[in-house]
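I opened this model to look up its domains, its helix packing and the shell around its ligand.

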Amino acid sequence: MVNTTVIQGAPQAAASAAGKNQKLLEVRNLKTHFFLEQGIVRAVDGVDFTVFRGQTVGLVGESGCGKSVMARSILRIVPPPGRIVDGEILFHQGVGKGSTGQSGQEDVIDLVKLDPMGSKIRSIRGGEISMVFQEPMTSLSPVHTIGSQIIEAIVLHQPVTKEEAREQAIHMLERVNMPHPNRTIDRYPHQLSGGMRQRAMIAMALSCRPSLLIADEPTTALDVTTQAQILTLMRDLQEEFGMAIIFITHDLGVIAQMVDYVVVMYLGQVVEMADVNTIFYDPKHPYTQALLRSIPRLGRKSAQGQTGRLTAIRGSVPDPYARPQGCPFHPRCRKAIRGVCDQQDPPFLEVEEGHKVRCVLYQ
Ligand SMILES: Nc1ncnc2c1ncn2[C@@H]1O[C@H](COP(=O)(O)OP(=O)(O)OP(=O)(O)O)[C@@H](O)[C@H]1O
């Protein structure tokens, strides 16, 4: 049985239906843990953030900090032995899409309460929330043509015939600048280049015009020219379709280019979140500051006066089974206060509107 929490007709929905300040997804105190023989991995451990309609939110942090598990939790595709143990993922469904949208109302569905194998989440997955991955073959089948896969996605979510779906698929392939869409539609993934496969996956993900796209390192495996083309394409399509994007990357250059709002994660927790300019020009958390010191910037001088010298973040991400007491970042932090940061869980403070930081330095 599908177990949903539905709050019918949230009052502000119709009024601000077209507005960018309308909530689309609210992640509240989300905890996703993996239960292994060696211990419990708290991959996502009490995460809160909100995505508004049409907004691009960047999830950033070093490898292993929980970005992908966060994305998979939203789509309810966390593999065992992982599971969501607490929290809510409220998806504001309907405005401008589907039957409820036409009535000017919205439904708020807690995705955590859905059966991960049930029909409700399957209609949301691929229909209203889509995902693109670093490796296109994660979502493309090697034994079917890209056309048949895009057509199947369309027919699954929309009341159209196969012929109409094929027309739509060709149109989508045109939109993602696929060369010769009429012919490419009948090709198998292995007959395409890496960049073309990425375009095919984006076409499939966007074929049902989702209101939220989750992009997990979608360009990391591509050469820089193709990477730039794909990023530009995603930005153009986002504007055209008015969808929101959660962009997962450890590349702060991509963050600067693509996102409106940044959520910085460390060991399963959000350590700082703010709009993109604040993150780059006024970062507060020592971890965010360290991440920024580790990226190249034209004309920047290092402490030694040499231009362009990068500083790696000292130490490495701790073993996920042995999380440090107190602030999880304190063993690597230049500003850690002995007796405080190694003892107390840091508070999550709002230092200014829309800017939150998890650090005692701002208490
Ligand atoms: N299937 C799994 N089984 C056990 N542990 C897992 C599994 N998937 C992820 N984890 C653990 O959860 C934690 C978060 O992993 P996650 O893949 O979300 O990190 P990430 O920030 O996306 O890293 P990357 O940038 O390398 O993709 C890590 O400690 C990882 O080892």
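These are the entries as I made them.

**Ground rules.** I am working on a predicted model, where local features need pLDDT of at least 70, side-chain atom pairs count only at pLDDT 80 or more, and totals for chains, interfaces and linings use all residues. Residues are numbered from 1 along each chain as its sequence is written.

**Domains.** I looked up the domain assignment of the chain; such bounds come from an automatic or database domain assignment. It gives domain 1 (20-128 + 210-295 + 310-362) and domain 2 (140-209). Their C-alpha centres lie 28 Å apart. I then checked the contact, counting two residues if their C-beta atoms, placed from the backbone, lie within 7 Å. I found 14 residues of domain 1 in contact with 14 residues of domain 2. On the domain 1 side, α9 gives the most, with 6 residues. That side holds 10 nonpolar, 4 polar and no charged residues. For the classes, Ala, Val, Leu, Ile, Met, Phe, Trp, Tyr, Cys and Pro count as nonpolar, Asp, Glu, Lys and Arg as charged, and the others, Gly among them, as polar.

**Helix α8 against α9.** Helices (H or I, at least four residues) and strands (E, at least two) are DSSP runs, numbered from the N terminus. Axes are lines fitted to C-alpha atoms, for helices over the stretch in contact, and angles run from 0 to 180 degrees between N-to-C directions. α8 (residues 194-206) packs on α9 (residues 224-241) at about 15 degrees, with the axes 11 Å apart. The two are therefore roughly parallel; angles under 35 degrees count as such. I note a right-handed crossing, meaning that the near helix is turned clockwise from the far one by less than a right angle. From α8, Gly195, Gln198, Ile202 and Leu206 meet Thr226, Ile230, Met234, Leu237 and Phe241 of α9.

**Helix α5 against α8.** α5 (residues 146-157) also packs on α8 at an angle of about 15 degrees, with axes 9 Å apart. α5 and α8 are therefore roughly parallel to each other. Their crossing is right-handed. Ile146, Gln149, Ile150 and Ala153 of α5 meet Ala200, Ala203 and Met204 of α8. The classes are 6 nonpolar, 1 polar and no charged.

**Helix α5 against α6.** Here I read an angle of about 115 degrees between α5 and α6 (residues 162-175), with axes 9 Å apart. This crossing is right-handed. On the α5 side I list Gly147, Ile150, Ile151, Ile154 and Val155; the α6 residues they meet include Lys162, Arg166 and Met172. The contact has 7 nonpolar, 2 polar and 2 charged residues.

**Ligand shell.** Which residues come nearest to the ligand? I find Ala43, Ser63, Lys67, Ser68 and Val69, out of 16 around it; near means a C-beta atom, placed from the backbone, within 6 Å. β2 (23-36), β3 (39-52) and α2 (67-75) each supply at least two shell residues. α2 gives the most, with 3. By class the shell has 8 nonpolar, 7 polar and 1 charged residues.

The Pro80 to Pro81 peptide bond is cis, with omega near 10 degrees. I place Pro81 in the loop between α2 and β5 (82-93). Glu217 is not a glycine, yet its phi is positive, about 45 degrees. Glu217 is in the loop between β8 (212-216) and α9.

Notes:
Angles under 35 degrees count as roughly parallel, over 145 as roughly antiparallel, 65 to 115 as roughly perpendicular and the rest as oblique.
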